[in-house]
Amino acid sequence: AQKVTQAQTEISVVEKEDVTLDCVYETRDTTYYLFWYKQPPSGELVFLIRRNSFDEQNEISGRYSWNFQKSTSSFNFTITASQVVDSAVYFCALSESSPPLGGGSNYKLTFGKGTLLTVNP
Amino acid sequence: SAVISQKPSRDICQRGTSLTIQCQVDSQVTMMFWYRQQPGQSLTLIATANQGSEATYESGFVIDKFPISRPNLTFSTLTVSNMSPEDSSIYLCSVSASTDTQYFGPGTRLTVL
């Protein structure tokens, strides 16, 4: 069964610090997709990045970077020079190409429990 | 990405009543999903809304409690039936053009008294 673990429940940093959010996943599929979403206090879920299982290249987008390592089943997210506006709950998620053994949809998103990031001025 | 709207944005309901939540997309999409986010918790998939056929429900969710309609490729509804305080949650719809990224609507905050 697919599973996503975000061990860090809450992280608090001071503005301009770098911060890394950890994500570890479990899957039986060889083809799968990993995602990061941001949920600010307003509640809307904002898509940040999608990575497929065959692409292990790290990615950088402005102050955001992602480190995907299949060997350790991890997909970590780093914010460089954090800002107050980065304060939010961040979710890591996984979708598989195969339908679950117990029924249900394939390509559904399985979310981690989320990490609450607070950036203090 | 598609523009997704949900109605209502929030509601307060009495126990035993039902509420229908609408999800509208500004372009045709292949897949539409309904998720629930209980207070302080992560998101859990309720069902996949299939156009022209019955929804595919996840384990723990049943059609009698959460009937879903999807009459076309841009619209879906989720009904929360016979509500109890345990149904107080944020309900979110998401859409995907294929097997690609899911984009989420703004959510419906439901409080059941």
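Modeller: Here is a walk through the cysteines, chain by chain. Keep in mind that this is a predicted model. A disulfide is a covalent bond between the sulfur atoms of two cysteines, and with a cut-off of 2.5 Å between sulfurs, the count over all chains comes to two.

Let's start with chain A. There, A:Cys23 is bonded to A:Cys92, with 2.0 Å from S to S. This pair links distant parts of the chain, 69 residues apart: A:Cys23 is in the loop between strand S3 (19–21) and strand S4 (24–26) of chain A, while A:Cys92 belongs to strand S10 (residues 88–96) of chain A. The angle about the S-S bond is -65°, making the link of A:Cys23 and A:Cys92 left-handed.

Now chain B. Its disulfide runs between B:Cys23 and B:Cys93, and the sulfur atoms are 2.0 Å apart. Here the angle about the S-S bond is 65°, and the link of B:Cys23 and B:Cys93 is right-handed. B:Cys23 lies in strand S3 (residues 19–25) of chain B and B:Cys93 in strand S9 (residues 89–96) of chain B, so the bond ties together parts 70 residues apart in sequence. Both B:Cys23 and B:Cys93 are buried.

That leaves B:Cys13, which takes part in no disulfide. The nearest cysteine sulfur belongs to B:Cys93 and is 18 Å away. B:Cys13 still counts as buried, because its relative accessibility is 8% and the cut-off for buried is under 20%.

How values were computed: Residues are numbered from 1 along each chain as its sequence is written. Chains are lettered from A and ligands numbered from 1 in the order in which they are written. This is a predicted model: local features need pLDDT of at least 70, side-chain atom pairs count only at pLDDT 80 or more; totals for chains, interfaces and linings use all residues. Side-chain values use heavy atoms; hydrogens and water are left out. Helices (H or I, at least four residues) and strands (E, at least two) are DSSP runs, numbered from the N terminus. Buried means under 20% relative accessible area, exposed over 50%, partly exposed in between (1.4 Å probe, protein chains only).
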